Amino acid sequence: MLLKELSSLASPLSAGQVDKLKQLTAELNAVQLAWVSGYLAATSEQGVAGLPQTGASAQVGAEQTITILYGSQTGNGRGIATELAGKAQAQGYAVNLVSMADYKTRQLKQESLLLLVVSTHGEGDAPDDAIELHKFLSSKRAPKLDNLNYSVLALGDSSYEFFCQTGKDFEARLNALGAKSIAPLAECDVDYQAQAQQWQADVLEAVKPLVQSAGASVVSIASSQASSSNYTKQKPYTAELLVSQKLTGRDSDRDIRHVEIELGESGISYQAGDALGVWFTNSQALVSELLQVLELDGDESVSVGGDSLSLREALTNKKELTQLYPGLVTGWAELSQNADLQAISADKALTREYVNNNQVADLVRQYPAKVTAEQFVALLRGITPRLYSIASSQSEVESEVHLTVALVEEVRDGVTRFGGASQFLASAQEGQEVQVYVEPNKHFRLPENPETPVIMVGPGTGVAPFRAFMQERAAQGAQGNTWLFFGNPHFEQDFLYQTEWQQYLQGGELSRIDLAFSRDQEHKIYVQHKITEQGDALWQWLESGAHLYICGDAERMAKDVHQALLDVVVQHGGKSEEQAAQYLEELRAAKRYQKDVY
Amino acid sequence: MSEQKLAVNEYLKTDSDYLRGTIQEGLDTAVTGAFSEGDQQLIKFHGFYQQDDRDLRNERKEQKLEPLYSLMLRARVAGGVCSPEQWLAVDKIASNLTSANSIRLTTRQTFQYHGIPKRNLKTIIQDLDREALDSIAACGDVNRNVMCNPNPVESKLHQQAYAYAKQLSDNMLPHTKAYAEIWLDDEKLVTTEGDEVEPVYGKTYLPRKFKMAVAVPPDNDVDVYTNDLGFIAVAEGDELVGFNMVAGGGMGSTHGEVSTFPRLADDFGYIKAEDTLKFAEAVMTIQRDWGNRENRKLSRLKYTIVKHGFDKFKAEVEARTGIKFEPKRDVVIGDRGDRYGWKQGVDDNWHLTLFIEGGRVKDLPGQPLQTGLREIAKVHQGDFRMTSNQNIIIAGVPSGDKALIEGLARQHGLLGKLITETRGHSIACVALPTCALAMAEAERYFPDFLTKVEALQEKHGFIDQGIVIRMTGCPNGCARPFAAEIGLVGKAPGRYNLYLGASFEGTRLNKLYRENIQEAQILAELDTLFGQYASERQADETFGNYTVRSGVVTAVLDAARDFHG
């Protein structure tokens with residue numbers, strides 16, 4: 001069981017015991033925690049642990065278990081599913097909470113009650129966790145599921161064309177296979193909290209006549225996570241920012257930062273591959289601009305989530321100002337009564353294009369409207385933290401966590417608009433407070449065997465987790481070969497962590513590096529071209545058991561790299577295109593082909 | 001054989017397989033913009049130095065970036081003559097393949113590129129090769145670019161002198177195929193052992209750089225006495241009949257080491273024109289055999305001559321050539337400056353000398369110099385000649401094209417700005433931020449400094465008197481500062497040694513007057529001296545001669561004895 005879930009799940013411990021355990025775990029580092037968990041497991045088997053036995057816990061039959069599956073990329077889905085499990089358990093149900101990635105598809109036939117939480121990415125793509133199950137349900141191998149009751153919660157972003165597509169697919173397939181819906185598909189947008197609460201309540205209500213309450217419960221969480229923390233998205237840790245150092249040269253056209261954050265005595269531990277959630281505050285310049293354009297008084301009191309606070313404070317700390325969403329465009333179209341905006345709002349594609357290319361400040365400038373402070377605040381979504389792949393390993397940096405942050409910066413009509421979190425981090429002063437939490441990503445992990453070769457493809461800020469990987473492997477004294485593919489526009493300006501890679505090469509921790517600097521010559525060269533160029537060696541590495549990792553841009557890079565890999569397998573592995581696809585699919589299923597793309 | 005350990009470079013040369021080293025591996029290593037330490041010495045023989053932007057060192061360290069390495073490539077252009085087609089190619093390379101985006105004319109009549117990324121080297125060398133230009137032996141322990149008076153006015157004599165310069169240059173080229181293999185993709189030859197590869201140089205080449213110049217009196221623009229080996233043309237009528245040979249000059253020295261010193265060449269005597277190559281080879285091979293290979297600071301020819309004595313050295317030259325020197329002929333050594341503006345040559349063609357401040361051909365705000373020369377090259381029928389003062393001559397313009405060329409020059413700010421005699425005679429080296437040796441600014445600071453000196457000359461009423469002022473960032477002396485009437489040699493940022501007392505013509509060295517001083521003090525010293533000079537100068541007395549006559553400094557007649565004495 002995850003320690004961080006202690007508070008939300010009905011554990012067999014008393015409140016006092018939970019507090020004591022929390023106090024203890026907060027003091028432990030990752031190694032100590034691993035030891036304690038092993039110690040407790042062993043002692044409980046011997047039946048001498050001080051933990052009270054709850055008797056019925058092991059006796060619940062499969063037909064009475066609620067299985068909750070989650071397929072999650074950013075951790076939101078996992079959070080909802082975990083919360084639901086806790087509630088179900090509190091009501092006395094037996095619960096099996098498991099990631100779709102770890103779920104054995106042949107078990108489907110035995111299920112009687114299945115609750116699914118799944119997100120959607122890019123052009124309607126399933127998250128990595130869900131790919132296999134998604135594929136299985138759509139295939140001829142999928143069994144009849146006449147005895148199954150189910151409900152799906154879909155997470156998505158309505159600014160995308162294929163909103164909640166993966167959830168819709170699950171809904172349609174389960175229905176087609178004969179399963180019975182107990183609550184309608186919940187299609188949740190980026191501000192999903194209220195809807196998710198409602199769905200959780202609905203399904204638990206619908207479950208009542210179907211499943212017998214055992215009066216006690218077991219929650220099995222399939223995989224063990226060494227990453228742990230008492231701090232969550234909702235309850236982040238207030239850390240101290242140590243460094244925000246520009247990594248790109250002075251003539252670079254981009255500003256990429258190396259950010260170091262001190263986790264202090266928080267006891268937060270993370271693993272190479274995990275992400276860090278970062279809460280941020282909006283820039284004062286942006287807030288002032290909005291107040292000025294809207295002719296609103298920053299001192300006016302508004303209500304946000306039941307709390308009363310000043311408009312300035314609400315805009316600074318509580319509301320999303322740098323990302324638009326379709327609902328705001330629609331709302332603003334009504335308020336402004338502007339025909340152009342109404343035309344945009346009426347067309348989904350135009351709306352999507354608009355929200356992708358503008359911020360709140362652009363919207364209110366371009367389409368003036370008279371609005372009250374309360375109206376405005378109500379239209380805005382709540383601020384959400386941003387996730388960054390962690391660029392450090394605790395075996396190297398101990399209580400620090402490092403990030404590689406590209407400052408999102410666009411000039412429109414002579415005005416520079418920044419990304420909320422990246423500007424916050426890029427302009428942060430040494431010692432500034434920053435609220436953070438770890439978002440584990442167990443689908444982006446170094447091979448357990450330190451001898452296993454590792455191929456890392458990480459152009460741009462996608463190189464971040466590979467810095468963590470290299471720190472981890474160097475600390476392990478790992479003997480396995482490592483190969484990094486990196487790319488960016490210019491060698492002289494944009495070679496992120498250049499001197500560190502040079503040291504790793506010199507020390508032999510990094511075996512190879514291949515570089516693609518796209519704009520240093522007339523024709524553009526990207527990492528996929530380097531993969532093609534080194535196809536023979538790459539194939540040899542894969543055949544010798546290498547694990548391959550991709551991190552970075554999902555829209556284009558990851559797809560181009562995937563295609564290049566297919567070509568390599570065809571050309572150097574002597575396979576057909578279909579076989580090549582199968583080959584990569586097998587690598588993926590064997591966790592030898594992992595992606596952290598965004 | 002000496003008991004002393006040879007200089008590191010000697011082992012590098014020996015083990016380099018005739019200058020190949022691991023340069024090719026260095027080119028294939030994309031993770032760094034640098035070459036390995038050993039190769040950094042060898043690449044000089046191929047014409048380039050590794051540098052980095054020193055202004056950015058600390059900043060980039062924090063950015064987890066290596067220093068901003070780049071290469072400085074110097075071409076080999078004997079006598080500084082190149083065609084408009086060649087100039088256009090040179091210009092295009094500067095624009096497309098270097099980050100400095102400029103062409104730097106040098107004090108040795110060639111051009112160099114700054115800010116070449118390693119990945120572009122091969123393309124640049126191949127592009128140059130297509131235009132029959134190369135950088136072989138433009139740096140390194142070999143004979144460097146041979147200088148020659150570029151004055152096309154006395155056309156016939158110049159042409160003959162130029163032919164000798166070209167011959168000297170071609171004849172002293174290394175024979176190794178390393179350059180062709182690495183840069184031009186020539187097939188790798190099986191290396192033969194020993195003398196067959198380098199019949200003159202051998203495996204270890206020369207102990208140090210070797211510089212030659214051909215002067216055509218009365219001009220001494222090539223600063224002939226500052227070279228290891230110089231040939232001063234002697235004419236009978238229009239015909240070049242022979243040379244006064246001089247040897248043992250060189251500027252380089254090290255601050256605080258009195259065993260090192262700048263030196264002007266000794267007069268050896270007259271030789272017949274047809275024996276020129278024989279003498280050049282004799283001097284070079286004596287230096288190859290006798291030169292100091294233990295301490296690179298003491299390995300130039302000047303130290304070899306001082307160590308063995310002039311008479312012994314001269315006798316050895318005569319023994320190796322089998323020819324005795326004749327007494328030197330009387331020649332007049334005159335001005336080291338360029339003749340700015342239009343001059344008509346004996347063939348009736350016109351020649352336009354353009355002042356290029358600091359030798360930097362670059363598009364500046366309101367002064368698109370690089371574009372200007374490009375536009376001229378597109379229409380020009382004659383050739384371009386780079387001068388030893390870092391300027392350029394548009395040579396061989398028929399009367400009919402004169403207005404066109406002048407129009408282009410004025411339109412692009414190459415012509416029309418009045419410059420003082422002093423500015424026209426003065427030069428500075430590149431120094432910061434690219435030169436690894438620089439201790440202080442030179443090129444970037446020099447124009448403003450000169451403006452302040454001009455104001456002092458104005459104040460004391462002799463603005464029309466030219467003074468040769470030269471500034472370098474270090475005592476290695478690329479801008480020949482020790483042969484300047486006012487020499488400023490960098491010691492530390494903003495601090496210079498002030499040297500006085502060289503002759504205007506470059507026939508006498510200067511001497512240290514004040515050490516390690518800043519601008520305010522330099523200007524205060526000059527203010528005082530200029531005031532004295534203005535009131536005490538004799539008719540036609542140059543500033544350099546005045547400072548010696550009046551006892552401000554003592555004359556340096558024998559460098560080994562007097563320079564530090």
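Which residues of helix α20 (residues 535–543) of chain A are buried? This is a predicted model, and in it the answer is A:L538, A:W541 and A:L542. Look down the axis of α20(A) and you'll see why they belong together: they cover an arc of only 100°, which puts them on the same side of the helix. The face turned away from that buried side carries exposed residues, A:D536 and A:E543. After α20(A) comes A:G545, and its phi is positive, near 100°.

Now step back to chain A as a whole. It has 598 residues, of which 44% count as buried, and its secondary structure runs to 22 helices and 22 strands. If you take the contacts in chain A with a separation of 6 or more, 77% of them come from residues 24 or more positions apart.

Following α7(A) is A:E295, with a positive phi near 55°.

Staying in chain A, let's look at a pair of helices. The axes of α4 (residues 131–138) and α5 (residues 165–176) of chain A come within 10 Å and cross at roughly 35°, and the crossing is left-handed. On the α4(A) side the contact is made by A:H134, A:L137 and A:S138, while α5(A) brings A:T166, A:D169, A:F170 and A:R173. By class, that contact has two nonpolar, three polar and two charged residues.

Where does chain A meet chain B? The contact involves 20 residues of chain A and 14 residues of chain B. On the chain A side, four elements each supply at least two residues: β8 (237–246), α17 (491–494), α18 (498–507) and β20 (512–517). The largest share comes from α18(A), with six residues. Sort the side of chain A that touches chain B by class and you get eight nonpolar, seven polar and five charged residues.

Over in chain B, two helix pairs are worth a look. In one, the axes of α15 (residues 446–459) and α16 (residues 519–536) of chain B come within 10 Å and cross at roughly 25°. That angle makes α15(B) roughly parallel to α16(B), and the crossing is right-handed. Here B:K452, B:V453, B:L456 and B:Q457 in α15(B) meet B:L523, B:L526, B:D527 and B:F530 in α16(B). The class count for this contact is five nonpolar, one polar and two charged residues.

The other pair is α5 (residues 84–97) and α12 (residues 369–379) of chain B, which pack at an angle of about 145° with their axes 9 Å apart. Their crossing is left-handed. B:P84, B:W87, B:L88 and B:D91 of α5(B) make the contact with B:Q370, B:L373, B:R374 and B:A377 of α12(B). By class, the contact of α5(B) with α12(B) has five nonpolar, one polar and two charged residues.

Last stop: a single loop residue. B:V331 sits in the loop between α11 (310–321) and β11 (341–344) of chain B. Is B:V331 buried, exposed or partly exposed? It has 18 other C-beta atoms within 10 Å, so it is partly exposed; 20 or more would have made a residue buried, and 12 or fewer exposed. Setting aside residues up to four places away in sequence, B:V331 touches B:P217, B:I232, B:V234 and B:N244. B:V331 and B:P218 are 113 residues apart in sequence, yet their C-alpha atoms are 7.4 Å apart in space.

Methods:
Residues are numbered from 1 along each chain as its sequence is written. Chains are lettered from A and ligands numbered from 1 in the order in which they are written. This is a predicted model: local features need pLDDT of at least 70, side-chain atom pairs count only at pLDDT 80 or more; totals for chains, interfaces and linings use all residues. Two residues are in contact if their C-beta atoms, placed from the backbone, lie within 7 Å. Ala, Val, Leu, Ile, Met, Phe, Trp, Tyr, Cys and Pro count as nonpolar, Asp, Glu, Lys and Arg as charged, and the others, Gly among them, as polar. Axes are lines fitted to C-alpha atoms, for helices over the stretch in contact, and angles run from 0 to 180 degrees between N-to-C directions. Angles under 35 degrees count as roughly parallel, over 145 as roughly antiparallel, 65 to 115 as roughly perpendicular and the rest as oblique. A crossing is left-handed if the near helix is turned anticlockwise from the far one by less than a right angle, and right-handed if clockwise. The arc is that of the directions from the helix axis to the C-beta atoms.
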